[in-house]
Amino acid sequence: MTGIILIDKPKDFTSFDVVAKVRRICGEKKCGHSGTLDPMATGVMTILLGGATRFCELLPSHDKAYVAKLKLGTTTDTLDVTGKVLEERQVTASAEDFAAACDDFRGEITQVPPMYSAISVNGRRLYDLARQGIEVERPERQVTIRKLDILSSDEENNEYEIYVECSSGTYIRTLIADIGEKLNCGAVMTDLRRVKANGFTIQQTVTLEQLEKAASEGDISDLLIPVESAYNSYESLTVTEAQAKRFSNGGDLLTERLKNCKGNGLYKVLDPNEKFLGLGEIDGGNSLKVVRLYIEK
């Protein structure tokens with residue numbers, strides 16, 4: 001079984017839990033995912049099965065979007081409500097003040113990754129160090145907040161809901177905590193839902209219960225998305241039979257012999273029958289090099 005299944009991850013499941021459950025339901029040993037979600041988070045998880053697992057790290061990751069809820073006046077060690085409360089602070093910020101603070105976090109910003117994250121420092125996961133009460137210095141990173149909209153405001157209870165479109169590597173918990181510090185009162189994330197990832201949206205997902213039902217009725221194949229669908233944002237190159245054979249054997253293709261070649265970049269390579277062969281890349285040279293071949297198993 002090869003392809004992509006989009007799961008609406010339930011709350012209190014780890015990403016590993018979801019992968020393990022999908023593997024069992026589908027009866028497919030090769031099963032992976034393209035991006036971790038915290039247990040408290042819900043939403044889009046891109047699960048790859050069979051030969052599609054070879055493309056895990058190559059899926060587009062620049063277009064993530066989230067709906068998050070937050071509360072001003074509280075800080076925790078994890079930056080969300082699952083953590084230990086560190087401080088309760090007075091909130092004097094109005095809804096108008098909150099909106100003004102958000103203005104400073106659109107576009108290119110820097111973030112310090114939270115200690116409770118899967119980033120490795122000197123070979124050790126930050127969350128493992130955090131659980132031991134060890135805090136280490138983390139380098140700042142550049143991220144992009146393409147959109148930051150306020151969906152709802154409850155000034156009386158200091159609770160807000162925001163919609164965020166951002167680059168890969170952005171921590172919404174950190175964004176919320178930084179907005180809270182901007183307002184001199186702190187803030188904590190109370191809910192997180194990923195509504196877009198890898199070019200797919202929440203409307204395309206199914207629940208684990210729906211997947212299980214489809215499996216019992218023999219309809220799982222109806223839920224499979226072809227792996228090449230993840231690369232619709234890339235240019236396609238249709239090659240000749242001879243070029244398809246060479247590419248499938250790992251050979252480079254001369255760009256001067258390729259039709260509709262538009263310069264450097266990653267390409268979705270198709271044979272004359274529009275069958276997906278894999279991904280190729282032109283990087284400053286005169287040839288299209290194989291990045292990853294598509295193999296069913």
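Accessible areas here come from the Shrake-Rupley method with a 1.4 Å probe. With that settled, I noted that the accessible surface of the protein comes to about 14900 Å², and that 45% of this belongs to carbon and sulfur atoms. I'm working from a predicted model.

**Overall look**

I checked the secondary structure next and got 6 helices and 18 strands. Taken along the principal axes, the C-alpha atoms fill a box of roughly 70 × 50 × 40 Å. Of the 297 residues, 48% count as buried.

**Charges**

I counted 37 positive and 45 negative side chains. The centres of the two sets lie 8 Å apart.

**Aromatic pairs**

How many aromatic pairs does a search of the whole structure find? It turns up 6. Phe55 and Tyr294 are both buried.

Then I went to Phe98 and Tyr160, which form a stacked pair, 4.0 Å centre to centre with 15° between the planes. Phe98 belongs to helix H2 (residues 95-103) and Tyr160 to strand E11 (residues 159-166), so this pair ties together parts that are 62 residues apart in sequence. I find both Phe98 and Tyr160 buried.

Back to Phe55 and Tyr294 for one more note. Together with Tyr231, Tyr234 and Phe276 they form one aromatic cluster.

**Leu237**

Last stop was Leu237, in strand E14 (residues 235-238). Is Leu237 buried or exposed? Its relative accessibility is 1%, and the cut-off for buried is under 20%, so Leu237 counts as buried. What does Leu237 touch, leaving aside its neighbours within four places in sequence? I listed Leu258, Lys259, Asn260 and Cys261, then Tyr267, Lys268, Val269 and Leu270, and finally Leu288. For Leu258 I also looked up the spacing: Leu237 and Leu258 are 21 residues apart in sequence and 7.7 Å apart in space, C-alpha to C-alpha.

How values were computed: Residues are numbered from 1 along each chain as its sequence is written. This is a predicted model: local features need pLDDT of at least 70, side-chain atom pairs count only at pLDDT 80 or more; totals for chains, interfaces and linings use all residues. Side-chain values use heavy atoms; hydrogens and water are left out. Helices (H or I, at least four residues) and strands (E, at least two) are DSSP runs, numbered from the N terminus. Buried means under 20% relative accessible area, exposed over 50%, partly exposed in between (1.4 Å probe, protein chains only). Contact means heavy atoms within 4.5 Å. Rings of Phe, Tyr and Trp (its six-membered ring) pair if their centres lie within 6.5 Å; planes under 30 degrees apart count as stacked, over 60 as edge-to-face and the rest as tilted. Lys and Arg count as positive and Asp and Glu as negative; His and the chain ends are not counted. The place of a charge is taken as NZ of Lys, CZ of Arg, CG of Asp or CD of Glu.
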